[in-house]
Structures are given as C-alpha cells and as structure tokens.
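Me: I would like to learn how to read a structure of this kind. Please guide me through its features in turn.

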Amino acid sequence: MDVQQRCVCLSRNWNNVLADDKLTCTVLFFAAAAEAVGKRQQIVILERGATIADVVAEIHPSLAALQHACAFAIDEKLMPIDTKLTNGCTIAVLPPVSGG
C-alpha cells in the first residue's frame with residue numbers, strides 16, 4: 001500500500017470514529033410546539049447518550065417552557081423525557097390538545 005492510499009484509509013477510519021460519537025435524530029413538532037419553535041420538523045445532531053430532555057433544551061427556549069405539558073414519543077412510542085436516544089430515531093413533541 002502506498003502512502004497516499006494509506007492516508008485515505010486512515011482518514012476514512014478517523015471520520016468513522018468521529019461519527020460514532022454523535023447521533024442524528026429527526027424531531028417532529030405538533031400544535032403548540034410547532035408554533036413555539038416556528039417549524040414542524042428539525043434534524044438535530046447530538047452527543048451519544050443524549051436524552052429527550054437534551055433535545056428540548058437545545059432546540060428553543062420556548063419549547064423548554066412547554067416541556068412539562070408535553071408528551072414525547074420516540075419512533076411512535078410514548079417515552080419519559082429522560083429516555084436516551086438512538087441514532088436515526090424520530091422524536092415527536094406532543095403538546096396537549098383540546099377539541100370536541
């Protein structure tokens with residue numbers, strides 16, 4: 001293996017190590033949560049071991065104010081706010097709704 005091929009190989013391996021320290025999640029906002037953050041969806045990149053609470057804290061201050069009234073789902077299952085995230089998961093922020 002020549003030096004150039006070796007450098008490319010080491011570079012690719014180093015990038016994989018850096019990527020292993022992060023996780024990427026999609027966050028979906030509904031009703032009042034969407035109004036609070038001004039969007040319906042956001043991609044977040046977080047450190048491994050991050051929780052739903054970490055996402056809420058990072059996204060927008062007004063979302064943090066709503067967190068105690070919201071339910072949270074990961075991949076369509078309701079979960080507590082201290083649940084650790086997995087790479088590629090989808091988090092839904094579900095504020096209370098009313099209607100009739």
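Me: How many helices and strands does the protein chain have?

Reply: Helices (H or I, at least four residues) and strands (E, at least two) are DSSP runs, numbered from the N terminus. By that reading, the protein chain has 4 helices and 5 strands, and from the N terminus on its elements follow the order α-β-α-β-α-α-β-β-β. Please note that this is a predicted model, in which local features need pLDDT of at least 70 and side-chain atom pairs count only at pLDDT 80 or more, while totals for chains, interfaces and linings use all residues. Residues are numbered from 1 along each chain as its sequence is written, and side-chain values use heavy atoms, with hydrogens and water left out.

Me: In what order do the strands form the sheet?

Reply: Strands of a sheet pair through backbone hydrogen bonds, either parallel or antiparallel. Two strands count as paired if DSSP finds at least two bridges between them. Here 5 strands form an open sheet with mixed pairing, in the order E2-E1-E5-E3-E4. Strand E2 (41–47) and strand E4 (77–79) are the edge strands, each pairing on one side only.

Me: In which sense does E1 pair with E2, and in which with E5?

Reply: Strand E1 (residues 22–29) pairs with E2 in the antiparallel sense, over 7 bridges. Within this pairing, Thr24 stands opposite Ile45, and Leu23 has Leu46 as its bridge partner. With E5, E1 pairs in the parallel sense over 4 bridges; there Val27 stands opposite Ile91.

Me: Which residues have the most contacts inside the largest nonpolar core?

Reply: A nonpolar core is a set of buried Ala, Val, Leu, Ile, Met, Phe, Trp, Tyr and Cys residues joined through side-chain atoms within 4.5 Å. Buried means under 20% relative accessible area, exposed over 50%, and partly exposed in between (1.4 Å probe, protein chains only). The largest such core has 22 residues, and those with the most contacts inside it are Val27, Phe29, Val55, Ile59, Leu63, Leu85 and Val93. At least two residues of this core come from each of E1, helix H2 (31–37), E2, H3, E3 and E5.

Me: Which residues does Val55 touch?

Reply: Contact means heavy atoms within 4.5 Å. Not counting residues up to four places away in sequence, Val55 touches Val27, Val44, Leu46, Leu85 and Ile91.

Me: What share of the protein chain is buried?

Reply: Of the 100 residues in the protein chain, 29% are buried.
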